[in-house]
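User: Please take a close look at one part of this model for me. I want to know how a single residue sits, and then how the rest of the chain is arranged around that picture.

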Amino acid sequence: MEITRSFVDGVLAGLSKKRSLIQVVIGPRQVGKTTGIKQLLQKVKQDHLYISADGDVLKRPSWI
């Protein structure tokens, strides 16, 4: 059984607003941010782009 992260519904509500362009999730390491976002993306019916700021991508500013 997978636990749905508590912030998922809040981000989903933000995405449903008429002028929603971007949602940013920040927090300490290992608290479930990636898991929560992946759960959210399974529910979203809109086009979306998922970018992680971990690893090699931080070495180049072009990821922004």
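Analyst: Start with leucine 21. In this predicted model, leucine 21 counts as exposed, because its relative accessibility is 83% and the cut-off for exposed is over 50%. Its place in the chain is a loop, the one between helix H1 (8–15) and helix H2 (33–43). Together with Ile22, Val24 and Ile26, Leu21 forms a nonpolar patch on the surface. The four residues have about 550 Å² of accessible area together.

In soluble globular proteins, nonpolar side chains tend to be buried together. The patch is on the surface instead. Five residues make it up: Val8, Val11, Leu15, Leu40 and Val44. Helix H1 gives the largest share of this core, three residues. Leaving aside neighbours within four places in sequence, Val11 is in contact with Gln23, Val25 and Leu40.

Once neighbours within four places in sequence are set aside, Gln39 is in contact with Glu2, Ile3, Thr4, Arg5 and Val8. Val8 is also a member of the largest nonpolar core.

Now the charged side chains. How many salt bridges does a search of the whole structure find? One. Lysine 43 and aspartate 9 meet in a salt bridge through their side chains, at 4.0 Å from N to O. The pair links distant parts of the chain, with lysine 43 in helix H2 and aspartate 9 in helix H1, 34 residues apart. Lysine 43 counts as partly exposed because its relative accessibility is 39%. Aspartate 9, at 52%, therefore counts as exposed.

Last, the whole chain. The chain has two helices and zero strands. Of its 64 residues, 17% are buried.

How values were computed: Residues numbered from 1 in each chain as written. Predicted model: local features only at pLDDT ≥ 70, side-chain atom pairs only at ≥ 80, totals over all residues. Heavy atoms only, no water. Patch = residues over 30% accessible without salt bridge, like charges linked within 9 Å, V, L, I, M, F, W, Y side chains within 5 Å. Areas by Shrake-Rupley, 256 points an atom, 1.4 Å probe, with all protein chains shown as cover. Helix = DSSP H or I, 4+ residues; strand = E, 2+ residues; numbered from the N terminus. Buried < 20%, exposed > 50% of the residue type's maximum accessible area, 1.4 Å probe, protein only. Contact = heavy atoms within 4.5 Å. Core = buried A, V, L, I, M, F, W, Y, C linked by side-chain atoms within 4.5 Å.
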